[in-house]
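Please examine the structure shown here before reading on.

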Amino acid sequence: MADRWLLQGATVVTGDREHEDLPCGDILIEDGRITAMGRELRVEGCRVLPLAGKLVMPGLIDTHRHTWQTPLRGLGGDWTVLDYLAAVRVKLSPAFRPEDVHAGTLAGALEALDAGITTLVDHAHCIASPAHADAALQGLQESGIQALFAYGYAAGSEPSPSLPTPEHRFADARRLREGPLSSDSRRVRLGIALTEMQIPWEQSRAEVCSARELGVPITLHCSAWPVTGPSEVEQLEREGLLGPDLLFVHCTFSGDDDLARIAGSGGSICATPESELQMGMGFPVIGRALRAGVRTTLGCDVVASNGGELFTAMRLALQSERGRANALAGLPRRLDLKAGRMLRMVTQDAADAIGLGAVTGSLRPGKQADLIVLAADALNMTPLGHPRDAVVLQAHAGNVESVMVRGELVKHQGRLIGKDVAAVRQKVLRARDAVLERVGGLSALLADHAKLEEHWDLGNGRATATSGTR
């Protein structure tokens with residue numbers, strides 16, 4: 001049974017279209033849900049959390065992260081997408097054992113919670129065996145985060161004895177669906193991450209059909225570089241397979257026709273501006289997607305090369321898009337893309353994209369108490385002018401003082417509750433060292449560039465994928 005809480009006297013950013021922000025408001029939480037919001041609520045028998053000078057808002061939602069890659073943090077600060085493919089997909093991924101996947105997933109999920117991310121889409125495409133899948137799932141469950149565990153159907157660069165065919169992967173996902181992930185009401189639920197669709201189309205179709213048979217959300221990398229022939233979105237439309245359960249990631253090279261197709265089908269897009277801008281995957285699609293009417297969200301992607309928190313992602317998304325628009329306009333008369341729009345992309349729109357819009361993504365009575373407390377009295381937030389704009393343009397992960405997931409306080413006064421962070425750090429450090437030792441050390445990471453041609457058609461220097469996965 002969750003605690004009964006009264007959050008008292010905070011600036012409340014509801015993120016809800018039907019409930020206004022409160023300059024000094026209270027929130028009553030019972031059995032993990034918000035039951036009342038207002039000014040000076042009179043309630044007895046509650047644990048009171050005084051929050052004068054603080055800002056309460058919906059928990060952030062990261063719709064694309066390869067959480068298993070946490071042990072690789074910082075190795076790819078100067079990597080292009082081709083470097084990433086050579087180092088991570090060809091070299092490092094096969095060296096991960098289940099215990100390494102567990103350590104990376106647990107550490108990455110705790111990192112996300114610490115930064116105010118209460119819900120995460122874990123694109124888990126390092127599943128070389130059922131034991132790898134179980135280890136990743138265990139890491140998510142131990143962290144306390146709410147997550148969509150997107151089981152990766154992509155095969156690695158080396159054959160897997162225990163999962164040698166796509167059908168074996170379908171069966172293993174079904175094992176989880178019929179077992180520990182049979183319920184969609186638990187903190188961690190099942191999703192499917194597709195292999196890129198430059199594999200034979202028959203396999204792509206089978207992957208989508210498998211996910212639909214399981215009745216779970218689907219996510220896929222899409223058009224992160226120019227592809228030969230029809231796009232992924234066009235192929236899906238031809239087969240009648242588009243739908244609101246699809247979350248497309250990147251879409252930096254998607255044409256306007258494809259964006260219209262996604263919008264018309266009710267699907268969503270996740271942009272990852274930091275990795276896209278660095279790695280050469282094209283300019284983030286955010287502005288074009290919003291103008292096309294596509295539900296658009298944000299993700300952190302890979303901490304091997306960039307940060308793992310969404311405050312930076314919001315700012316990069318906003319200002320890169322504004323910069324491009326301003327360059328075309330000359331001296332702009334107005335800024336069409338508003339700061340507050342970014343906040344919706346990492347809260348309500350993100351919840352809608354993964355089928356959780358009715359239970360999380362904003363603060364209103366009846367929804368889960370997934371929320372964060374920011375230090376609005378910190379120097380970088382003082383004075384608090386427009387609260388929503390301040391969250392996007394001034395806040396950072398260090399301002400996250402407290403985090404609640406389903407009414408459970410998982411971080412308070414700047415510390416994760418009930419987690420031996422030092423032990424987790426040691427686990428992820430051991431995983432990093434073990435994986436690097438197995439591949440021959442740092443100097444060997446980019447040694448397999450020549451092997452990229454075995455998995456991807458690089459198109460005379462233009463990244464045109466034919467097989468494999470990011």
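Predicted model: local features only at pLDDT ≥ 70, side-chain atom pairs only at ≥ 80, totals over all residues.

## Geometry of the helix pair

Two packed helices are described by the angle between their axes and by the distance between those axes. Helix α2 and helix α3, the latter formed by residues 130-143, pack at an angle of about 25 degrees, and their axes lie 8 Å apart. Because angles under 35 degrees count as roughly parallel, α2 is described as roughly parallel to α3. The crossing of α2 and α3 is right-handed.

## The sheet

Strands of a sheet pair through backbone hydrogen bonds, in either a parallel or an antiparallel manner. Here, 8 strands form an open sheet with parallel pairing, in the order β6-β7-β8-β9-β10-β11-β12-β13. At its edges are β6 (60-65) and β13 (295-298), each of which pairs on one side only. From one strand to the next, the twist averages 25 degrees.

Within the sheet, strand β8 (residues 146-152) and strand β9 (residues 188-193) run parallel and are joined by 6 bridges. Opposite L148 stands R189 in β9.

## Helix α2 on the sheet

Helix α2 (residues 98-114) also packs on the sheet, where it touches β6 and β7 (117-124). The direction of α2 makes about 150 degrees with that of β7.

Definitions and conventions
Residues numbered from 1 in each chain as written. Heavy atoms only, no water. Pairing = 2+ DSSP bridges. Helix = DSSP H or I, 4+ residues; strand = E, 2+ residues; numbered from the N terminus. Axes fitted to C-alpha atoms, helices over the stretch in contact; angles between N-to-C directions. Contact = heavy atoms within 4.5 Å. Parallel < 35°, antiparallel > 145°, perpendicular 65-115°, else oblique. Left-handed = near helix turned anticlockwise from the far one by under 90°.
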